[in-house]
Amino acid sequence: MKPKTAGKTMTGAGILWECIEREGVKDVFGYPGGAILPAYDALKHSKIHHILVRHEQGATHMADGYARASGKVGVAVATSGPGATNMVTGIATAMLDSSPIVCITGQVGSKLIGSDAFQETDITGVTLPITKHNYLVTHANEVARTIREAFYVAKSGRPGPVLVDITKDAQQTSAEFDWDAAKPQLPGYRPDLSPEQKEYEQALDLIHNSKRPVILAGHGIIISGAMQEVRDFAERAGIPVALTLLGIGAFPAAHPLNLGMMGMHGEAWVNHTIQEADLLLAFGMRFDDRVTGNLKTYAPNAKKIHIEIDPAEINKNVKVDVPLVGDLREVLHQLLPHVESIDRSEWLDCIDKLKGDSAVRDIQNLPDSGHLYAAHVINDLWRETRDGDTIIVTDVGQHQMWEAQYYKHEKARSLITSGGLGTMGFALPAAIGAKVARPEAEVWVVVGDGGFQMTLCELATIVQEKLKVNIAIINNGFLGMVRQWQEFFYERNYAATPLLNPDFAKLGEAYGIRSMTVSERSQVIPSVRAAREHDGPVLINFKVEQEDTVYPMVAAGASLHEMIRRPSKIVETAADE
Amino acid sequence: MMNTFVVYVENKPGVLTRVASLFRRRAFNIDSLTVGRTEKPEVSRMTITAEADQDQARRIEANLYKLVNVLLVENITHEPSIVRDLAMIKVAATHEARSHVLELASVFRARVVDVAADSLTIEITGAEDKIDGLLEVLRPYGVLEMVRTGIVAMRRGKNTISPATAIHGELDIAEDDVSQSV
């Protein structure tokens, strides 16, 4: 039983922590400053553990990583002005990937608002288009209801970031705190839509009459917790499953019906399968341009069923035949008893043929040229860590795509990556959040040398918090994905993509993190093992092939079946000449 | 085509910005937006017109609903409805022109609300094309200044959109829905 608090007078700052605690939060990520100081002062009365970050962007990514690893709301705290604006990138990242976070920012005193006071920024105005909702709180008596609403809005329906900006005087002054009376009042908010009976019937009709169906499995499966339902559905109906980047883990990689990742760097056969399908079942995905390619030629012969919680996603990019708007898990529960078991071996055989020469082109099958490829590192990391409770947190770029291709994820929430916004610098702080949320899990950061340097200051947070997070830097001395685009589309004009890097191993040591450098394939597994055995954080600087390329690739705006393929023989690179 | 939306929103600071910002960031252009009080003090009513095809209009509606402060959205473009715009037009009216201007105003059932030595101010209420019509015939005399409210709209007959229907009952949130299990 929760203690009864009706009638108790507390400061706004005290109410803030009391409410956050009652929402089930144990850890928050933040950085103090003038306008949020009353809240920091009140932390001494709270059981909440505050993790001091090195930059407020890190706090938001940590809250995001925490949310993605656990499914719970992550909390980030910052002061007004620059503290709040530093959160913008992390908030936008959480927005595009539907991640539930609550950001608390201090604001100048309510009497000073609008006066361009020291460290005043209109952060609710700034974050208006990148939050699911935001609040400006100017009185202590508004704190409790606002925090309750913020948590409720962040995690219900299609989750997303909510920012609560609290003026300094609202933190300092007192109000009567009554948890029960501060119930959310959201008269216009409808997170719980469900389809009509007629729509279910139309969907079943399409499913039963389809010869070449494919399930497109997205992030919504993981958010809704519908992994088992999707599996039951696919198995009963005999329908193969293609995954989006954020859908990885929603369906086991080893499952015979799993095709792999679709889209720009998806496997060739997966994209061909989608193009030849007669029915697409989109489960909690939003037909992002990175998965559809040219919309005019996308799956031209397929009917489309879209199961999606956000009605604004229906017909946004791809026109669908049957929309089922609602929580995926509930919708599948309704559908499942009516799904007939159909033998689709002909279609599955056809997909097998589409796989064709893909295995030969796989980088794992290329002869050993003495070079270390990122794919080798990631594949070896997978071999070593596959059996445990492992979370891989990636940054953005080539290594992210190789991770998606060469690390086989069997479980939901085992891959955390910035998909929609593609935020470089996401991995390291998000991994910290993931480790805090699931301390028993083994957490690996897989990060490029470019993105690592955007938020590497959080190495200090890892050390200060004594977190066992392992870091694999995939160091190719380039902003690799941009270089790849320059190679393909800008006549190899490598403008501003070569990087002059510090010695990352020395850098890690400077932070007190055990660090090593690996440049040979034979050293990958020993280094991974050494990292796992060490009881503190470890950084491994993998110096990989500089001008390697992610294949296959659908050029931006090209049709999904028009892929640039890996040349079947190894390409000798400049380093060989 | 031009779409007309009736939108009930919570009467709270910043809600107008949220609505306007939504149109901007989804790349729709607001043609006209009016907002005012309703019979319920906690609810405001907006009439928004914007150029959109049928699919876009549906997406505008869905996106408006994503705003937490939006209570109800109705696209009344294809409904029988009454649409009104109000304009005040200050026309140059010299001694000789004055009677002509007055005559035109009366043809359009407009009212003269201010008379000065060399100008007349005419108030007219009606559908947008009626106002456009008056404006057209007044132009040769010299329109000195004009202000229009933008349109307000309401469905005809017993199809009623009241703020009471816009407010859903209090959210019934189960305790375990709000508090995460620790």
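**Exercise 1. Describe the contact between the two domains of chain B in this predicted model.**

Solution. 
- Start with the bounds: the assignment places domain 1 of chain B at 2-78 and domain 2 of chain B at 82-152.
- Next, count the contact: six residues of domain 1 of chain B are in contact with five residues of domain 2 of chain B.
- Then find where the domain 1 side comes from. Strand 2 (30-37) and strand 3 (43-51) of chain B are the elements that give two or more residues to the side of domain 1 touching domain 2. Strand 2 of chain B supplies the largest share of that side, three residues.
- Sort that side of domain 1 of chain B by residue class: one residue is nonpolar, five are polar and none is charged.
- Finally, take the separation: 29 Å lies between the C-alpha centres of domain 1 and domain 2 of chain B.

**Exercise 2. Is chain B spread out or a compact globule?**

Solution. 
- List the secondary structure: chain B has six helices and nine strands.
- Compare the radius of gyration with the globule rule. The value for chain B is 21 Å, well over the 16 Å that the rule gives for 182 residues, so chain B is more spread out than a compact globule.
- Look at the box along the principal axes: the C-alpha atoms of chain B fill roughly 85 × 35 × 30 Å.
- Of the 182 residues of chain B, 27% count as buried. Among contacts in chain B with a separation of 6 or more, 73% are between residues 24 or more positions apart.

**Exercise 3. Where in chain B is confidence lowest, and where is it highest?**

Solution. 
- Take the average first: chain B has a mean pLDDT of 90, and 91% of its residues score at least 70.
- Then compare elements. Helix 6 (residues 175-178) of chain B is lowest, with a mean of 44, and strand 7 (residues 119-126) of chain B is highest, at 97.
- For the complex, the predictor gives an ipTM of 0.89 and a pTM of 0.94.

**Exercise 4. Which residues of helix 17 of chain A are buried, and what covers them?**

Solution. 
- Check the length: helix 17 (residues 374-385) of chain A has 12 residues and reaches 16 Å from first C-alpha to last, close to the 16 Å expected.
- Read off burial: A:Ala374, A:Ala375, A:His376, A:Val377, A:Ile378, A:Asn379, A:Leu381 and A:Thr385 are buried.
- Identify the cover, which includes strand 15 (390-394), helix 18 (398-406) and helix 24 (524-533) of chain A, as well as strands 17 (442-448), 18 (469-475) and 20 (538-543).

**Exercise 5. Why does A:Thr461 count as buried, and which residues does A:Thr461 touch?**

Solution. 
- Locate the residue: A:Thr461 is in helix 21 (residues 459-464) of chain A.
- Apply the cut-off of 20 or more neighbours. A:Thr461 has 24 C-beta neighbours inside 10 Å and therefore counts as buried.
- List the contacts beyond four places in sequence: A:Ile51, A:Leu52, A:Val53, A:Arg54, A:Gly58 and A:Ile432.
- In helix 19 (residues 427-437) of chain A, 11 of 11 residues are buried.

Key:
Residues numbered from 1 in each chain as written. Chains lettered and ligands numbered in written order. Predicted model: local features only at pLDDT ≥ 70, side-chain atom pairs only at ≥ 80, totals over all residues. pLDDT = per-residue confidence, 0-100. Helix = DSSP H or I, 4+ residues; strand = E, 2+ residues; numbered from the N terminus. Buried ≥ 20, exposed ≤ 12 C-beta atoms within 10 Å, placed from the backbone. Domains from an automatic or database assignment. Contact = placed C-beta atoms within 7 Å. Nonpolar A, V, L, I, M, F, W, Y, C, P; charged D, E, K, R; others polar. Rg over C-alpha atoms; globule rule 2.2 N^0.38 Å. Expected span 1.5 Å × (residues − 1).
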